[in-house]
Amino acid sequence: MKIHADALLFDNDGTLVSSLESVYRCWSRWAQEYGITAEEFAAVELHGRPAAEIAADLLPPEKIAEAVARIEELEVSDVAGGVVLLPGTRELLESLPADRWAVVTSATRALGEARLAEVGLRPGLVIAADDITRGKPDPEPFLLAADKLGVDPARCVVFEDAPAGLQAGRAAGMKTVALTTTHQASELSAGLADVVVKDLSAVSAQATEGGVEIVIAD
């Protein structure tokens, strides 16, 4: 399958890198510190959402700012040795012109850039939780990335592993590619993804005049 695009927009954790063990280790400690029960914690979707929105689901408004600062502290301190590249990431990104791709993460800038740096990735553009007012599944993060790159949202392809991110890409009017790195294909395909792949090793790309040709293996 071939897709012609002007830009590729990648979620970070679960798409380019994995820090899943670190995420659950840090959030579990955070939940204990704030007296959140295991049942309350289990009922909240963690993946692909900004920390402020997760905290707002679990804590009263007056505690959110402090709680978000605390989880960022825990996660940033846990980055060393807690992040690994997922298959196909480096090969795909190295094939792309720097101005034809961006990382769109629900993490804060400090955390997102720390995770990227840990595996030697330095994107030209990172859209983080600090940059937006509404996180995924709202389309704002992806629309901002398209605007910063100077491309038509309809000519962008989103790569995501979480339903919230795929919903955001779809709402932005972009093509969506789902990765089954953290969710089952059945959770990602129903109206959310144009294509479902195991990971980025199934994707290759070549720069063309004014764009990128993406090839997705069957």
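**Exercise 1.** In this predicted model, work out how helix 4 and helix 6 are oriented to each other: roughly parallel or roughly antiparallel?

*Solution.* 
- Step 1: find the two helices. Helix 4 covers residues 64-77 and helix 6 covers residues 109-118.
- Step 2: look at their axes, which come within 10 Å and cross at roughly 10 degrees.
- Step 3: compare that with the cut-off; angles under 35 degrees count as roughly parallel. So helix 4 and helix 6 are roughly parallel to each other.

**Exercise 2.** Which residues make the contact of helix 4 with helix 6, and how do they split by class?

*Solution.* 
- Step 1: on helix 4, pick out E72, E75 and V76.
- Step 2: on helix 6, the partners are A110, L111 and R115.
- Step 3: sort them by class. You get three nonpolar and three charged residues, with no polar ones.

**Exercise 3.** Describe the largest pocket: what is its volume, and what lines it?

*Solution.* 
- Step 1: start with the volume, about 350 Å³.
- Step 2: go to the lining, which has 23 residues; R49, E75, S106, A107 and R115 are the closest to the pocket's centre.
- Step 3: check which elements give two or more residues: helix 1 (20-33), helix 3 (51-58), helix 4 and helix 6. Helix 4 has the largest share, with four residues.
- Step 4: sort the lining by class, and you'll find 12 nonpolar, five polar and six charged residues.

Definitions and conventions:
Residues are numbered from 1 along each chain as its sequence is written. This is a predicted model: local features need pLDDT of at least 70, side-chain atom pairs count only at pLDDT 80 or more; totals for chains, interfaces and linings use all residues. Side-chain values use heavy atoms; hydrogens and water are left out. Axes are lines fitted to C-alpha atoms, for helices over the stretch in contact, and angles run from 0 to 180 degrees between N-to-C directions. Angles under 35 degrees count as roughly parallel, over 145 as roughly antiparallel, 65 to 115 as roughly perpendicular and the rest as oblique. Contact means heavy atoms within 4.5 Å. Ala, Val, Leu, Ile, Met, Phe, Trp, Tyr, Cys and Pro count as nonpolar, Asp, Glu, Lys and Arg as charged, and the others, Gly among them, as polar. On a 1 Å grid over the protein atoms alone, a cavity is a set of points where a 1.4 Å probe fits but cannot get out, and a pocket is an open set with protein on both sides within 12 Å along at least five of seven lines; lining residues have an atom within 4 Å of a point. Grid points are joined across faces, edges and corners, and a volume is the space filled by probe spheres set on the points.
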